Amino acid sequence: MREITITANDSGRRLDRFLRKYLPGASLGEVYKIIRKDVKVDGKRRNESYILNEGEVLSLYLSDEILGELGRSAVKPQAQRPRRSFGIVFEDDNILIADKPYGLLTHGDSKEKRNHLANQVKDYLIAEGSYDPASERVFTPAPVNRLDRNTTGLVLFGKTSASMRELNRVIRDDELGKFYLTIACGIIRDELRLSGGLIKDEAANKVRIVSGGDGSEGSRDIETVVRPREHLRFGDGLEATLCEVELVTGRSHQIRAHLASAGHPLMGDSKYAGRGSRAANRYAAERFGLTTQLLHAGRIEFGEELSGSDHLAYLAGRSFEAPLPPRFKEIYKGLGGRNL
């Protein structure tokens, strides 16, 4: 038998989700079987949806051999950790706001399992003494929002379990404003308020926009606000617009696909390029070597009232900004931009 005292970072989790992280070698069916037969919390049987509380004692009536087979591997120091490439916009005991550079994944994928932002931040927190994986049973600091590999800017991390839960709730309840800078092909003269539905094609790693956003075809509602900041004219009669884009909803590829569907693909974005953007993209590729979207998550704003977020109430009304990357500035100025 093993007894586990629930810590602050373990509390607030469902029993089944705690055990899935604590026993990663167990299937979901095995976890439910263990809950029915081999688990007590403070001496009482609990169902899978029971919410754990700090200070409770979870008893696992399993042999050391089975626990060894199903449990977490011992934490081993890496011979060489990924070199830190992210900036820090803000950090305190609860959260870290990272400035993600171009080319870095937020999470790992099948091709890159080690050198991604989540691992870099985790290694930084270990080195700074803010996170000790050896003393944690299931908690790992993690990002609560995600940026594409070639999108730069702000990514929020919770440094404690409570902070992560509250950040996720703030995002879910639309209490966090997210603002991006981009250069879109063509001239946008007035503010655009775009809505509709988004359907993801996992195989192609691409999305498409449908009108209405009524849930048909499995679509998810989206809303994007585009505010033109400066008109750019370059090359032989080519035009583009520096825009601030507000994500009212936050879906994968939303800005890229939504502006493309409105006839204004992002500069350099070949995945969502339209016929009217090819000449501008060709110019950007030949002049600046730009072959992917030019998109920067430059500002976040916490709501004036963070309802139900006592833990992070001090963030209410605050905003944070990430500086524009030098390469974005170089391309912007090369297209005739003068206002940034």
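Is aspartate 174 buried or exposed? At 60% relative accessibility, aspartate 174 counts as exposed, where exposed stands for over 50% relative accessible area, buried for under 20% and partly exposed for what lies in between, using a 1.4 Å probe and protein chains only. The structure is a predicted model, in which local features need pLDDT of at least 70 and side-chain atom pairs count only at pLDDT 80 or more, while totals for chains, interfaces and linings use all residues. Residues are numbered from 1 along each chain as its sequence is written, and side-chain values use heavy atoms, with hydrogens and water left out.

To begin with the whole chain, its secondary structure comes to eight helices and 14 strands. Helices (H or I, at least four residues) and strands (E, at least two) are DSSP runs numbered from the N terminus. The C-alpha atoms fill a box of roughly 75 × 45 × 40 Å, taken along the principal axes. Of the 340 residues in the protein chain, 49% count as buried. Among contacts with a separation of 6 or more, 67% come from residues 24 or more positions apart, a contact being heavy atoms within 4.5 Å.

Two helix pairs can be described next. Two packed helices are described by the angle between their axes and the distance between the axes. Axes are lines fitted to C-alpha atoms, for helices over the stretch in contact, and the angles run from 0 to 180 degrees between N-to-C directions. Helix H1 (residues 15-22) packs with helix H2 (residues 28-38) at an angle of about 120 degrees, and their axes are 10 Å apart. That angle makes H1 oblique to H2; angles under 35 degrees count as roughly parallel, over 145 as roughly antiparallel, 65 to 115 as roughly perpendicular and the rest as oblique. The crossing of H1 and H2 is right-handed, the term for a near helix turned clockwise from the far one by less than a right angle, with anticlockwise giving a left-handed crossing. On the H1 side, Leu15, Asp16, Leu19 and Arg20 meet Leu28, Val31, Tyr32 and Ile35 of H2. The residues of this contact divide into six nonpolar, no polar and two charged. In this scheme Ala, Val, Leu, Ile, Met, Phe, Trp, Tyr, Cys and Pro count as nonpolar, Asp, Glu, Lys and Arg as charged, and the others, Gly among them, as polar.

The second pair consists of helix H7 (residues 278-288) and helix H8 (residues 326-334), which pack at an angle of about 115 degrees with their axes 11 Å apart. The crossing of H7 and H8 is also right-handed. Here Tyr283, Arg287 and Phe288 in H7 meet Arg327, Glu330, Ile331 and Gly334 in H8. By class, the contact of H7 with H8 has three nonpolar, one polar and three charged residues. Glutamate 330, in helix H8, counts as partly exposed at 45% relative accessibility. Its C-alpha atom is separated by 8.6 Å from that of phenylalanine 288, 42 residues apart along the chain.

Aspartate 174, in the loop between helix H5 (161-172) and strand E8 (176-185), has a phi near 60 degrees, a positive value in a residue other than glycine. Histidine 253 has a positive phi of about 60 degrees although it is not a glycine. This histidine 253 lies in the loop between strand E12 (238-247) and H6 and is buried, with a relative accessible area of 9%.

Glutamine 254 belongs to helix H6 (residues 254-261) and is buried, with a relative accessible area of 1%. The side chain of glutamine 254 reaches the backbone oxygen of glutamate 223 at 2.9 Å, and a polar contact of 2.8 Å joins the side chains of glutamine 254 and threonine 224. A polar contact is a pair of N or O atoms within 3.5 Å; within protein, one must be able to donate a hydrogen and the other to accept it, and residues adjacent in sequence count only if both atoms are side-chain atoms.

Histidine 296, found in strand E13 (residues 295-302), counts as buried at 1% relative accessibility. The side chain of histidine 296 reaches the backbone oxygen of proline 323 at 3.2 Å. The C-alpha atoms of histidine 296 and leucine 181, 115 residues apart along the chain, are separated by 5.2 Å.
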